[in-house]
Amino acid sequence: MRATFTQEQRDIGATVGSLADADRGTARELLAGPWRAPAADGPLLRDFGLLGVPEPAGGIGSGLIDLLVAVEALGERLVPSRFPAHAAAVQLLCGDERRTGPLPDEVLDGRRVLTPAVDVPGSAGWADRVSPDPLVRTLVPYAAQADGVVALGPDGVWFADPVRTTARQSLDPSVPLADLTLAAPERTQPAGAGPLRAALVVAAELCGVAQGAVDLAAEQARTRRQFGRVIGAFQGVAFPLAEAATARKAAWDLTLYAAWAVDNGRPDAGIQVHAAKAAAGQAAVFAAERCIQVHGGMGITMEADPHLFLRRAFVLDARCGRGSWHRRRTGELRIRSRPTSRA
Amino acid sequence: MDFADSDTDLAFRHEVGRWLDGALADVPDQEELSQDAREHWSRVWQDRLCAGNWAGLSWPVAHGGRGMDALAQAVFNEEAAVRGAPYPLNGVGMMLAGPTIIAHGTDAQQARHLPGILRGDEYWCQGFSEPGSGSDLASLTTAATRVDGGWRINGAKIWTSNAHNASHCLLLARTDAAAPKHQGITYFLAPMDGFTVRSLEMINGDTEFNEMFLDDVFVADADVLGGVGNGWTVALTTLAFERGSMALNLWVWARQAVDRLIDVAVARGVADDSAFVDAVGALQCDAEAVRIGSMRMLGESRAGGVPGPETSALKSLWARVVQHANRLAVQLDEAGGVLVDGDGAAARMRRYLRARAHTIEGGTEEVQKSILAERVLRLPRSR
């Protein structure tokens with residue numbers, strides 16, 4: 001039970017972090033105007049595509065936590081890269097050990113960028129979905145900027161052909177969202193743990209967003225002065241930030257453990273992922289709201305950055321099953337696991 | 001990052017489990033017992049731990065312990081807690097006094113106290129808090145005056161668990177009133193002859209805490225631990241051991257609180273209500289976060305790091321889970337918890353009221369948040 005990051009994982013975090021530092025301003029730039037690739041986009045897709053990919057799917061022995069560490073670093077800096085969405089789509093395909101062979105090289109080396117199509121309009125989460133599949137997916141990120149779509153349906157996952165793509169107005173313009181109408185699949189492969197793996201990629205980015213919002217809020221609390229002192233000296237300011245930091249830590253711990261549980265085929269993997277996704281969404285939204293609050297009047301202006309964190313938090317909380325749905329699933333599974341509930 | 005037990009850890013876990021299953025076979029569920037009965041079982045349990053050579057599990061071999069690390073202690077505590085084992089009556093001796101004496105004591109002090117703690121015939125309590133010094137511990141005013149061969153001590157202590165069972169006290173007193181508040185304190189290993197102990201009745205009817213009054217109590221020079229004026233540093237060691245040993249139990253208690261809540265809801269037929277399911281989902285997130293956070297904290301300590309301010313986050317999450325779960329459990333009762341003439345309802349109310357202490361004892365919620373604000377967020381001191 002070491003429960004510590006490996007040196008390799010620390011290195012991944014540091015490398016992706018410094019790559020992402022160059023893109024700190026890009027989410028703001030994309031508020032106006034069409035999406036364009038941030039500088040890190042190409043290098044991430046090209047050099048980090050094997051992170052978290054199981055060996056039968058063409059990976060080189062990197063675990064899911066490796067990938068999550070990288071994605072967390074991107075979320076922290078709000079990098080509007082296609083990489084997390086691409087990685088979630090890849091993970092969607094990696095959930096069943098019976099799959100026939102490795103993923104195509106052009107997917108793993110980032111020449112073919114994928115996006116996940118998981119969420120169904122009017123349905124809060126994937127397990128609520130009823131057949132027949134409406135073959136419409138919503139909240140699909142980077143649909144116009146991706147080369148392929150990986151869809152999740154009641155029968156499994158497949159490389160989907162969009163019949164129609166309708167761009168929607170995204171709350172976070174740095175993450176374009178679209179509705180897709182898909183052709184009926186000729187065949188699907190079993191999803192297995194794919195949806196869980198994909199949801200964890202989203203959870204990790206949410207944990208990053210929460211951390212970025214906490215950091216920005218703390219910096220403001222350390223520097224902004226009122227009544228003759230920095231406002232962080234007031235407990236009314238400091239304590240909500242401590243709560244945000246606690247919620248973020250809880251969400252990140254849950255996410256890391258869930259990834260370990262999924263990678264090791266633990267029987268509790270499902271409930272752990274639901275708990276992680278629920279907690280990560282809540283932590284990110286809470287941290288972003290506190291970040292706005294601590295910035296005072298500036299916090300409610302477009303020119304200050306806190307709202308960027310709130311936008312990203314909302315978009316990700318809704319992706320791969322809404323946070324509220326994951327929370328309810330967590331409760332259902334927890335209650336069902338009590339011996340008394342089966343009486 | 002790997003959360004699995006190593007083979008060695010697993011083997012130890014099984015060894016512990018086998019012993020516990022035997023040792024607990026005749027021990028009833030503590031949650032349903034009166035305080036007197038719980039105290040009886042706490043003493044029985046302490047004797048069994050000592051007889052089984054578990055009392056000094058993480059003490060060095062040179063001091064009569066088994067020389068295992070904090071993780072082994074965590075495994076033991078965890079396995080004991082999941083089986084509902086009683087809280088050992090000399091927890092202060094095993095977890096606080098012993099390790100502090102090992103860290104700061106002279107050879108003579110170690111020889112005088114450690115064997116008795118391991119044998120189970122020297123019971124300890126912790127005389128830190130005072131009526132006027134709660135969160136601001138360093139402001140304590142219990143005064144020690146120099147006399148021939150030792151010190152004469154006057155003052156009052158409060159919130160002392162187990163003082164009515166203890167023979168010795170980890171006592172902080174001010175030996176230099178003129179020094180800055182952190183520097184005038186001395187730490188005594190005080191025999192409790194001459195202490196007046198009075199129990200405090202808590203809002204749930206229990207009397208687990210006490211007040212202690214010291215009127216001209218004599219403590220010998222030989223019982224000064226760590227040197228005159230160094231009491232604050234020694235006290236920080238004790239507090240670190242206290243946080244460490246607490247943290248290992250928290251997640252089990254959180255899980256058990258959620259378990260009990262679900263059982264009540266199932267019995268009342270409301271376990272499918274969506275509001276209840278959502279509440280359990282939120283509780284489960286926090287309870288698991290305590291468990292996983294504890295594992296990470298232990299991992300960091302084993303890797304040579306020092307547990308950081310994250311322990312404050314774990315304590316805060318734990319308190320929230322248990323308080324919330326226990327509140328929901330009484331609210332599910334027929335009359336919202338206000339009719340306490342049934343045994344089950346009374347026990348639930350007793351637990352709910354006890355849980356109010358969780359955001360006060362062991363560092364208040366406000367102190368935990370201050371620690372996080374200062375040490376994680378690097379905000380200025382606000383207290």
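In the predicted model, the contact between helices α7(A) and α8(A) is formed on one side by A:L196, A:R197, A:L200, A:A203, A:A204, A:C207, A:A210, A:Q211, A:V214, A:A217, A:A218 and A:A221 of α7(A), which meet A:V237, A:A238, A:L241, A:A244, A:A245, A:R248, A:A251, A:W252, A:T255, A:A258, A:A259 and A:V262 of α8(A). By residue class, this contact of α7(A) with α8(A) comprises 20 nonpolar, 2 polar and 2 charged residues.

Two packed helices are described by the angle between their axes and the distance between the axes. For helix α7 (residues 194–223) of chain A and helix α8 (residues 235–263) of chain A, the axes come within 9 Å of each other and cross at roughly 160°. Because angles over 145 degrees count as roughly antiparallel, α7(A) is assigned as roughly antiparallel to α8(A), and the crossing of the two helices, α7(A) and α8(A), is left-handed.

The secondary structure of chain A, to which this helix pair belongs, consists of 12 helices and 8 strands. The radius of gyration of chain A is 20 Å, close to the 20 Å that the globule rule gives for 343 residues, and chain A is therefore as compact as a globular protein of that length. Taken along the principal axes, the box filled by the C-alpha atoms of chain A has dimensions of roughly 70 × 55 × 40 Å.

Burial and contact order were also examined for the chain. Of the 343 residues of chain A, 58% count as buried, and, among the contacts in chain A with a separation of 6 or more, 74% are accounted for by residues 24 or more positions apart.

Notes:
Residues are numbered from 1 along each chain as its sequence is written. Chains are lettered from A and ligands numbered from 1 in the order in which they are written. This is a predicted model: local features need pLDDT of at least 70, side-chain atom pairs count only at pLDDT 80 or more; totals for chains, interfaces and linings use all residues. Helices (H or I, at least four residues) and strands (E, at least two) are DSSP runs, numbered from the N terminus. The radius of gyration is taken over C-alpha atoms; the globule rule is 2.2 Å times the number of residues to the power 0.38. A residue is buried if 20 or more other C-beta atoms lie within 10 Å of its own, exposed if 12 or fewer, and partly exposed in between; C-beta atoms are placed from the backbone. Two residues are in contact if their C-beta atoms, placed from the backbone, lie within 7 Å. Axes are lines fitted to C-alpha atoms, for helices over the stretch in contact, and angles run from 0 to 180 degrees between N-to-C directions. Angles under 35 degrees count as roughly parallel, over 145 as roughly antiparallel, 65 to 115 as roughly perpendicular and the rest as oblique. A crossing is left-handed if the near helix is turned anticlockwise from the far one by less than a right angle, and right-handed if clockwise. Ala, Val, Leu, Ile, Met, Phe, Trp, Tyr, Cys and Pro count as nonpolar, Asp, Glu, Lys and Arg as charged, and the others, Gly among them, as polar.
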